[in-house]
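Keep the sequence and the coordinates open as you read.

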Amino acid sequence: MKQDIHPEYREVVFQDTSTGDQFIIKSTIQTKETCTVKGKEYPLHKVSISSKSHPFFTGAKSHVDSAGRIQKFNQRFAKKPVQEPEVKKVEAKADEKKAAPKKAATKAAAKTAEKKPAVKKVAAKKAATKKAAK
């Protein structure tokens with residue numbers, strides 16, 4: 001194992017700023033402050049919420065204004081009105097694209113309509129050769 005690459009693992013005092021409770025845990029966190037607990041000096045890290053002050057652990061219920069939250073959500077994510085000119089332009093372009101293949105298809109259909117008798121004759125010859133081969 002490589003030497004001198006791991007942070008120092010030591011006892012650190014964590015202080016809950018809302019209740020003032022302190023607890024000692026081993027940690028590698030780097031701190032600038034220190035405090036004295038039971039005559040011994042420890043590094044100090046302040047936290048805003050701990051198990052001593054969090055409502056889940058304390059059982060304290062807090063009123064949540066759900067109506068206000070719903071209104072804020074609806075305002076934030078409300079559908080914005082669609083601008084009509086942009087939609088019409090997109091629809092017009094889509095119509096042009098759809099119309100172009102139809103024109104080509106009608107031209108191709110007209111050409112095949114002219115060649116239908118020839119196609120039928122070729123198909124009839126193929127059928128006759130298959131019957132003869134059997």
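Q: Among contacts between residues at least 6 apart in sequence, what share joins residues at least 24 apart?
A: The model is predicted, so local features need pLDDT of at least 70 and side-chain atom pairs count only at pLDDT 80 or more, while totals for chains, interfaces and linings use all residues. Residues are numbered from 1 along each chain as its sequence is written, and side-chain values use heavy atoms, with hydrogens and water left out. A contact means heavy atoms within 4.5 Å. For pairs at least 6 apart, the share that joins residues at least 24 apart is 38%.

Q: What percentage of the protein's residues count as buried?
A: Buried means under 20% relative accessible area, exposed over 50%, and partly exposed in between (1.4 Å probe, protein chains only). The protein exposes about 12400 Å², and carbon and sulfur atoms supply 57% of that area. Such areas come from the Shrake-Rupley method with a 1.4 Å probe; for residues, only the protein chains shown count as cover. Of the 134 residues, the buried part is 11%.

Q: How many bridges pair E1 with E2?
A: E1 covers residues 10–16 and pairs with E2 in the antiparallel sense. The two form a hairpin with five residues between them, and Gly20 in the turn has a positive phi of about 85 degrees. The number of bridges is six.

Q: Which residue in E2 stands opposite Gln15?
A: Gln15 lies in strand E1. With a relative accessible area of 18%, Gln15 is buried. Leaving aside neighbours within four places in sequence, its contacts include Gly20, Asp21, Leu44 and His45. The residue opposite Gln15 is Gln22.

Q: Which residues make up the largest nonpolar core?
A: A nonpolar core is a set of buried Ala, Val, Leu, Ile, Met, Phe, Trp, Tyr and Cys residues joined through side-chain atoms within 4.5 Å. The largest one here has five residues. The members are Val13, Cys35, Val37, Tyr42 and Leu44.

Q: Which residues does Cys35 touch, not counting those up to four places away in sequence?
A: Cys35 is one of the residues of the largest nonpolar core. Val13, Tyr42 and Leu44 also belong to that core. Its partners are Val13, Lys40, Glu41, Tyr42 and Leu44.

Q: Which residue in E4 stands opposite Thr34?
A: E3 and E4 run antiparallel. Five bridges join them. The residue opposite Thr34 is Pro43.

Q: What is the phi of Lys38, about, in degrees?
A: Lys38 sits in the loop between E3 and E4. These strands form a hairpin with two residues between them. At 85% relative accessibility, Lys38 counts as exposed. Although Lys38 is not a glycine, its phi is positive, at about 55 degrees.

Q: Where is Asp4, and is it buried or exposed?
A: Phi of Asp4 is near 60 degrees, a positive value in a residue other than glycine. Asp4 is found in the segment before E1. With a relative accessible area of 78%, Asp4 is exposed.

Q: How many residues apart in sequence are the parts that the Lys46 and Glu33 pair ties together?
A: A salt bridge is a side-chain nitrogen of Lys or Arg within 4 Å of a carboxyl oxygen of Asp or Glu. The structure holds one, and the side chains of Lys46 and Glu33 meet in it at 3.7 Å, N to O. Lys46 lies in strand E4 and Glu33 in strand E3, so the pair ties together parts whose separation in residues is 13.

Terms used: Pairing = 2+ DSSP bridges. Helix = DSSP H or I, 4+ residues; strand = E, 2+ residues; numbered from the N terminus.
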